[in-house]
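Please examine the sequence and the structure shown below.

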Amino acid sequence: MSLKETIFISPETGEKLFEHEGGGLHYVAPESGHKYEYISGFLDLVYPKELNERVKYHKHFFENLADDYDRYMPQTFKTHKEDEATVRNSFIDLLNLQPNSKVLEVACGTGRDSEFIAPRLNKDGQFVLTDISPKMLKICNDKLANTEVPKMYCLCNADHLPFPDNYFDAVYSFTAMQYFDIKASLAEMARVTKPGGKIVVGDHSMPPWLRGTYFSNVLSTNPGILAEVPLNDIPVCARNVIVRWVIGGIFYLIDFVVGEGEPDADFDYMIAGARGGTLRTRYEGQLEGVTKEAKELAIKAAKAKGMTLHEWLDSNVKEQAKAQLGK
Ligand SMILES: C[S@@+](CC[C@H](N)C(=O)[O-])C[C@H]1O[C@@H](n2cnc3c(N)ncnc32)[C@H](O)[C@@H]1O
């Protein structure tokens with residue numbers, strides 16, 4: 001029986017998963033022997049197998065809500081006198097999609113954004129749709145049946161994405177962050193996005209300037225609306241981060257470009273002025289203080305030599321140290 005390569009990785013070990021060709025609906029990680037089956041028509045890559053109480057609760061909540069979700073959801077937009085299609089499309093614009101982009105949607109639910117993402121992609125693109133609830137995912141799958149872009153669905157936990165590093169051009173998730181471990185899920189979204197790719201996420205948050213108003217008090221009958229914008233959970237590799245408040249100003253929307261590691265900076269740029277040196281010498285070259293008299297003499301001597309204080313100190317300290325060490 002031959003094994004066919006897939007885009008999925010084991011959420012447990014990170015190994016590449018292979019599909020058994022002709023061997024029924026299951027995927028394997030050949031080295032560790034981990035095996036993943038289909039449940040309710042979808043590949044089940046939810047990790048951990050034994051979900052914690054928080055994730056288990058939300059999964060059951062949405063399994064029970066799935067059939068009515070599309071009836072309830074428009075209320076959010078209608079309350080704030082917004083057109084849902086226009087608003088969702090404006091969020092999707094931020095993904096900078098090309099027809100051949102590889103796109104991941106996390107917690108796509110019944111596909112209320114997916115139905116606007118799919119038509120922007122063609123047969124050369126790839127659209128991967130994930131959720132923890134099979135019922136929500138099934139409704140999404142049915143909605144997108146007639147779209148051209150190749151689609152893949154799987155069940156997974158947003159805190160453990162079963163995809164390789166640097167795979168997607170864009171990752172999107174709307175109105176589900178409150179159900180995730182936000183730091184873990186944002187780190188996962190950044191991990192699976194190519195450097196230069198886009199991430200767009202949003203969820204409820206009443207902005208500070210509206211808290212305590214009548215507007216806020218009425219809406220806070222849903223306490224989730226008072227969540228904080230998760231600025232502390234944005235990964236270090238995020239670049240050009242933009243935070244805005246949308247849909248009546250009670251949802252945050254964060255978009256950023258994925259970079260690599262910490263931002264690049266020239267810490268060796270010589271600083272103008274009598275003190276001189278660079279940001280790096282000021283950070284890494286700190287020595288014990290000297291007496292006030294020694295400091296004043298150093299400043300005078302540097303000036304007389306036409307040197308910055310940094311140049312004078314650096315050369316004199318080096319010279320003295322080398323002489324005393326016999327180098
Ligand atoms: C409010 S719905 C949002 C659906 C869709 N994004 C939208 O804008 O209409 C929240 C979705 O998050 C999913 N979800 C909840 N916890 C999750 C988790 N830990 N991992 C993945 N999906 C999760 C639910 O199953 C549900 O489909």
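## Structural briefing

K81 counts as exposed because its relative accessibility is 79% (buried means under 20% relative accessible area, exposed over 50%, and partly exposed in between, with a 1.4 Å probe and protein chains only). This is a predicted model, in which local features need pLDDT of at least 70 and side-chain atom pairs count only at pLDDT 80 or more, while totals for chains, interfaces and linings use all residues. Residues are numbered from 1 along each chain as its sequence is written, and side-chain values use heavy atoms, with hydrogens and water left out.

**Backbone geometry**

- K81 is located in the loop between α2 and α3 (helices, H or I of at least four residues, and strands, E of at least two, are DSSP runs numbered from the N terminus).
- The phi of K81 is near 55°, a positive value in a residue other than glycine.
- Most residues other than glycine have a negative phi, and most peptide bonds are trans.
- I247 belongs to the loop between β11 (238-246) and β12, and it counts as buried because its relative accessibility is 3%.
- Y47 and P48 are joined by a cis peptide bond with omega of about -5°.
- P48 sits in the loop between β5 (42-44) and α1.

**Nonpolar cores**

- The largest nonpolar core has 43 residues, of which F91, L97, I117, F127, Y172 and I247 touch the most other members (such a core is a set of buried Ala, Val, Leu, Ile, Met, Phe, Trp, Tyr and Cys residues joined through side-chain atoms within 4.5 Å).
- Two or more residues of this core come from each of α1 (53-72), α3 (84-93), β7 (126-131), α5 (134-143), β8 (151-155), β9 (168-174) and β12 (251-258).
- The greatest contribution to this core is that of α1, with 5 residues.
- A second, separate core comprises 38 residues, including C156, F163, L186 and V258.
- Apart from its neighbours within four places in sequence, F127 is in contact with V103, E105, S114, I117, A118, L121, L144, V149, P150, K151 and M152 (contact means heavy atoms within 4.5 Å).

- β6 (102-106) is mostly covered, with 4 of its 5 residues buried.
- β6 pairs with β7 in the parallel sense over 5 bridges (two strands pair if DSSP finds at least two bridges between them).
- Within β7, Q126 stands opposite K102.
- β6 and β9 also run parallel, joined by 3 bridges, and V171 in β9 is the bridge partner of L104.
- Q126 lies in β7 and counts as buried because its relative accessibility is 15%.
- Leaving aside neighbours within four places in sequence, the contacts of Q126 are I7, S101, K102, V103, L121, V149, P150, M152 and Y167.
- Q126 and K143 are separated by 17 residues in sequence and by 17 Å in space, C-alpha to C-alpha.

**Pockets**

- The volume of the largest pocket is about 960 Å³ (on a 1 Å grid over the protein atoms alone, a pocket is an open set of points where a 1.4 Å probe fits, with protein on both sides within 12 Å along at least five of seven lines, and lining residues have an atom within 4 Å of a point; grid points are joined across faces, edges and corners, and a volume is the space filled by probe spheres set on the points).
- Its lining has 45 residues, of which F62, Y69, T175, Q178 and Y179 lie nearest the centre of the pocket.
- α1, α2 (74-79), β6 and β7 each supply at least two of the lining residues of the largest pocket, and α1 gives the most, with 9 residues.
- This lining divides into 22 nonpolar, 15 polar and 8 charged residues (Ala, Val, Leu, Ile, Met, Phe, Trp, Tyr, Cys and Pro count as nonpolar, Asp, Glu, Lys and Arg as charged, and the others, Gly among them, as polar).
- The second largest pocket holds about 800 Å³ of space.
- The second largest pocket is lined by 20 residues, and G285, Q286, L287, L309 and L313 lie nearest its centre.
- α8 (279-284), α9 (292-305) and α10 (309-325) are the elements that give two or more residues to this second lining, with α10 giving the most, 6 residues.
- By class, the lining of the second largest pocket has 8 nonpolar, 7 polar and 5 charged residues.
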